[in-house]
Amino acid sequence: MSIPKLLICYALFSLNLTGTYSQEEDAFGPLKLDPSIRFGKLSNGFTYYIKHVANSGDKLVMRFYVKTGDYSESPEELDFAHAIEHLAFKCAKHFSGNIANNTKMRSRLGMDDNDVYGGTSAMNTLYYFNVPYDRRDAFDTGLQWFQDISDLHLTPEVINKERGPLRQEVIMKQGSNLKEHFIRMRLESEIMPCRMDNSNFFEHNKNFDPEQLIKFYRKWYLSNNMALVLVGDTTRIQDMESNVIKRFSNLERGRSPIPVEKCVAEYLDRPNQFVSLVQSKALENSNTSYVKVHLYMRDGKILEQRDTWDGLKREVVWSMLRNVMNGRFKMVGNDYNSTFSASGMPPHLAFPAYRIQVQEAGENAEGAIRKVMVLLQQLKKYGLSETEWEQQKNKKIKELQPDVTENLNYWIGQIQNNYVYGLALPENKASVLHRWLSDLTLGEFNALLQDYMFTMPNDIAIVAPEGVNFNEKEVRSWIQQEQNRASGPYIFKEIPGQLMDKAKVASLKPVESNFIGTSVFGAREFVLDNGAKVVLLNSKDLAKSNNDKIYLHGFSPYGASCFKKGDYFSAINAPSIIQNAGLGEMDKFQIQGFLDGTSIRNGLSLYIDYRETGIKGNASIHDLENLLQLVYLHFTNPRKDHRAFGDWKLQQIKRHSSKPSYDPILEDFNVAVREFVGDSSKAPNGTPRWEGISKTNFDRSYEIYNQLYGDPSDFTFLITGDVTVNAILPLIQKYLGSIPRSGSVPGCRQEMIGNVKLPKGPLYREFSARELGALYDLKGVKYSMKFISATQDPLDWQEHIKVEILGSLLSSISKKLRYVDESAIYDTFATASFNRELSSYEITLYLDCMAQDLDKIRNSCKELVKELGNKSLQQGLFKEVIINKMAKLQGGSIFQQMEKLHGYYKFNEPWLYTTEVEDYLKSLKIEDIEVTAKKYLRDESMMEFVFKNGRKDP
């Protein structure tokens, strides 16, 4: 379809949003909007949606959309949409300062710090302001801010002040992946017409003309480019609508901007693309150079049919196909020392192409591309298997159950898709799709695939290290060859039918257990014949739990500290080495294949810390036996495999250097600080863990593992669930009671907790990423101000609570550092907790900044702390912190409560009932926290730490 025809479709769609609609398909035009939504479009083009959702929480969701985002920008306007999103919080005419940091206002209106937010994406900018239902003043305040956003007071001065926070946000969010981020954005800019290459972001950020940004704002922030969405449990629909009309009818309508959908239309009409980019070696200190191949199969029907039932069904089918293909990609890569991985993303209205990313070692890249094309052809020709169909159909039907429409987030997402992307939202959408999918057969579904699965990518983009070259003709010839080659159906790997041999299971008999008493909170305590202690507690007595799961946490008081220093990494890495190898005769892939069909898909979590060894997991009640068999096998039959160990090394290298699940820079900083103050309690990640891969000895890891998991009498097993003791005790006696005493930790003498001499403050210390051996470059610096104070009474829970509240107050107050002295700070946060290892309280303030701002920011932080300790705290902010803490207490998860159980049995911490803590929180006054601040925020306990690329010049 040509661009003009697509734009005609957009115009037709915009004329058909209101009115009622029956449940059946409309064969003659776009679907009409669900009449349960109060919808309107004012004469100036301003749009609004109001939706009542019963029993949907205690706050009305207010969202304000502007149809402009990254796709609206030209190269000269890079990051302008995002910059305006920032400025909307600072330049609203009826609000002084920054509305997001106005704690007095939030407290006065009954809101908290998560109720005011903003975000920018490819095709829209979103602002939200969530308010209590009974606060008309809060509702009016939200409307006023949204109205102000349409007429911001932008000046060169305030724009220039925001350059620094914009830079810091990129630095903080991308962290050690900054180079990869710019490569990825450059690649996307080559494929998608309106995606800008931001590799010159920092230069542009420093030099853009503020008047250009103001011009961009005036071009896009128009009434006919805006919408207000109100969703929640309110019946004041008419009153809300009247207020919206009154507020926004007078906004000036501008010239209609070029629709952001134009980018999508241009992409669909442009010639096929081939992009090849060079990147430095993917993983430093690794023998493997990775190539990333991106394949794009365009699907114009996602856009053409977005306002029809066919389009809504298409979205469902693509969601199911994504899961099937990613499952097959995963299975193909399931082999030890495989460097192949692939994953696919379904088409979206902002990017109408099925996108597959393939990663493979450079020398195997051709084979990886061929593998992917074979898999696509197999799915197109032979379709889903019966098992895949049942799994995906049942999963999707569950997502489309009628009760999904009782969910607040369902309506927020549906309305957003309707306004921003033009996706149809007809009456009874979920139930109609549910009925359609329920009646669909496997044969009918597989017939549909002919219209979905493409066997020749439109666009190909490759990122390869230097010296690894590809050209379009060569790559497309590989793909064409696979298309011409006949292939049979996909062959599924055999999945084990059980974890343990039936004969072995039959040989295990329940052992005797000795009931030793009931705890003050109702837990039943037993000791099994092999010495293992078992604590059983009904989850109804532990936390609000609506599921049928059983939760298990076994721990012993021994850990890596029982072994010599040179064994440290062999010890802490042992659990992941064993889990990567498997159990008994089954490797990890066979075990995972079995677990995928159970409620234990993620398996068990094992750990060896400095002073503790443990095992955690949970399962539905009908999988309890499988859960206990897993525990038994981990204790008794860890699989030893040199090939799996080599694979473990490869996976660890990838984990720690290619998009790790943690922030490597922050982790390196924290590890350096912990080493400086003598805190060994946490196993490190980041660069130290990376270096520890080469220090891990295969045989020694197994020896240590067998010692630490070798004596069940060292372990206490905490087990909770909504079951009776009589129902689960026999299985516990059978599996946990049958764990033999096969090893031990002879003569382990750990130094006493808290037996660490803390450095005296005030002090200042810098750490160098370069001297640490980090693989990244720091664009700015990380700064931390820490107060550490030893305590003589580690079990004083009331003091713990006061310190935590102090930390929450410091975190909230520290946000204003972003808005003073023109400092380039994007975000700050503070933490406060009791450190068991040091037997001390730690209060820490973190932030990122540019090196040239460090001295100024250090002084600002000291002034902030002085203010917190010497002046009256804000009463409103104090109330907000107490309310938030009460809410978390009342909604405490089962995992939080399991931690509470662990603290009771491992550290003899007092058991606290929720009502007891609530009463204490209610009794606290702001003066109590002021006293706490003066007690702990002292110069003699203050330590300043800085993390930067290199040492400061002498």
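User: Contact means heavy atoms within 4.5 Å here. Which residues does Glu-667 touch, not counting residues up to four places away in sequence?

Analyst: Glu-667 touches Tyr-662, Arg-674, Ala-683, Pro-684, Asn-685 and Gly-686. This is a predicted model, in which local features need pLDDT of at least 70 and side-chain atom pairs 80 or more, while totals for chains, interfaces and linings use all residues. Residues are numbered from 1 along each chain, and side-chain values use heavy atoms, without hydrogens or water.

User: Where is Glu-667 found?

Analyst: In helix 25, which covers residues 664-677. Helices (DSSP H or I, at least four residues) and strands (E, at least two) are numbered from the N terminus.

User: And is Glu-667 buried or exposed?

Analyst: Glu-667 counts as buried because its relative accessibility is 16%. Buried is under 20% relative accessible area, exposed over 50%, partly exposed in between (1.4 Å probe, protein chains only).

User: Changing topic. What is the strand order in the open sheet of five strands?

Analyst: The order is 8-12-9-11-10, and the pairing is mixed. Two strands pair if DSSP finds at least two bridges between them.

User: Which strands stand at the edges?

Analyst: Strand 8 (274-279) and strand 10 (341-345) do. Each has a single partner strand, so one side of each has no neighbour in the sheet.

User: How do strand 9 and strand 11 pair?

Analyst: Strand 9 (residues 290-298) pairs with strand 11 (residues 353-361) in the antiparallel sense, over nine bridges. Within that pairing, Val-291 has Glu-360 of strand 11 as its bridge partner.

User: Which strands does helix 12 touch?

Analyst: Helix 12 (residues 309-333) packs on this sheet and touches strand 10 and strand 11.

User: What about the loop between helix 12 and strand 10, which residue is found there?

Analyst: Asn-337 is found in that loop. Its phi is near 65°, a positive value in a residue other than glycine. Asn-337 counts as partly exposed, because its relative accessibility is 35%.

User: Last one: which residues does a cis peptide bond join?

Analyst: Gly-761 and Pro-762, with omega about -5°. Pro-762 is found in the loop between helix 28 (725-735) and strand 20 (763-768). Most peptide bonds are trans.

Conventions. Axes are lines fitted to C-alpha atoms, for helices over the stretch in contact, and angles run from 0 to 180 degrees between N-to-C directions.
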